[in-house]
Amino acid sequence: MTFVGRAALFLAYGGIVVAGNLPTLLALFEFSNQNATASYVLLIPLVAPALVYQDRDTIFADARFDWPAALPFIVAAAALIVASVSGQRPIAADLSLRVTPIVLLWVGGFLLVFGRRAAVRGRFPLAFLFFTIPIPSSVLTAAVQFLKHGSTESVSALFTLTGQVYHRDGFVFSLPGVVIEIADECSGIRSSIGLLLTSLLIGHMFLKKAWTKGVLALAVVPMAILKNAIRIVVLTLLSIHVDPGFLTGQLHHEGGVVFFLVALMLLAPIVALLRHLDLTHTRSQAFPG
C-alpha cells in the first residue's frame, strides 16, 4: 500500500475514534476552556501530528501493517471503555480516565497502519500525545503543594538576598506596608506545565542524547520555582517601593508571559551547555581516540 493510502486509512480510523468518543472530546474541550491549568491539552493533538509531519521521511521510511504491536493498545483502550461504562464506581466521571482510551486508540491505530518501526522513530510525538490526558486531580494537587513550598522557600531566600526586611509565618510574609501569602493560586502550576512542555519540545528539536533531554526536563523544576519566586518578589518590591497597585494590577494578572520569558532565559544557558555536551559526545564517538 502506498503512503497516501496508509495516511488516508489512518485518518479514517482517527475519524471513527473521534466520532465514537465525541461526548468525551466535547467535555475535554469545555474542561480546557474553563480550567486554566488544562488550557494546553487541546494544543497537544495539533502539535504531535506536526512533529510527525516534520520527520515524516524518517518515520515512514518502511511503513507496514503491524497487528501484534497495535493489539495491546487497542485491547487496553477497550478495557478502559468497558470499565467506564459498567464499573461500580463512577469512572466515567473522571475525565482523565475517559480520555486515556482515546489516546491509546490513536497510538494503536498508528502502530496498526504504520508499524512498530515507524512508532519507534516517532516515539516522541506519540509519547507527547499522552499530554492530551488531563492531569488527575490528585497528581495536580501534589504538584501544586510541591511548587508552593518550593516557591515559599525561594521567596524567603530572595528577600534575604535583596536585603528586604520581612517576617515569615509559614506561607505568610509580613513586609513594611504589605502582607502577602503564597496561596495555591500562587504556586505557578500553569506556567510550570507550559515550561515543562516547552522544554520537552526544545530537547526533542535541539538535543540528541536521552540523558541530555532528561537533564533539561529535570532542570525545569528548579527553574519553574525560581521563576515563580522572582515574580512574587518583584511584584511585592514594586508594590512597596513604587506603587501598591502592582499587587493587584495588570502585571500581576496578565504578566505571566513576561516571567515565562524570564524562565526561558534562565533555561537558555542550560540548553546551550547540554547541546555542547551532546555534540562533544557525538564527535568523540565518531572519531574515537
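Reply: H2 passes H6 in a left-handed crossing (the near helix is turned anticlockwise from the far one by less than a right angle; clockwise would be right-handed). The model is predicted, so local features need pLDDT of at least 70 and side-chain atom pairs count only at pLDDT 80 or more, while totals for chains, interfaces and linings use all residues. Residues are numbered from 1 along each chain as its sequence is written, and side-chain values use heavy atoms, without hydrogens and water.

H2 covers residues 22-34 and H6 residues 95-114 (helices are DSSP runs of H or I, at least four residues, numbered from the N terminus). Their axes lie 10 Å apart at an angle of about 125° (lines fitted to C-alpha atoms over the stretch in contact, with angles from 0 to 180 degrees between N-to-C directions). From H2, Pro 23, Thr 24, Leu 25, Ala 27, Leu 28 and Phe 31 meet Leu 95, Arg 98, Val 99 and Ile 102 of H6 (heavy atoms within 4.5 Å). By class, this contact has 8 nonpolar, 1 polar and 1 charged residues (nonpolar: Ala, Val, Leu, Ile, Met, Phe, Trp, Tyr, Cys and Pro; charged: Asp, Glu, Lys and Arg; polar: the others, Gly among them).

H10 (residues 189-206) and H11 (residues 210-241) pack at about 150°, with axes 9 Å apart. That makes H10 roughly antiparallel to H11, and H10 passes H11 in a right-handed crossing. The residues of the contact of H10 with H11 divide into 9 nonpolar, 5 polar and 2 charged.

Conventions
Helix = DSSP H or I, 4+ residues; strand = E, 2+ residues; numbered from the N terminus. Expected span 1.5 Å × (residues − 1). Parallel < 35°, antiparallel > 145°, perpendicular 65-115°, else oblique.
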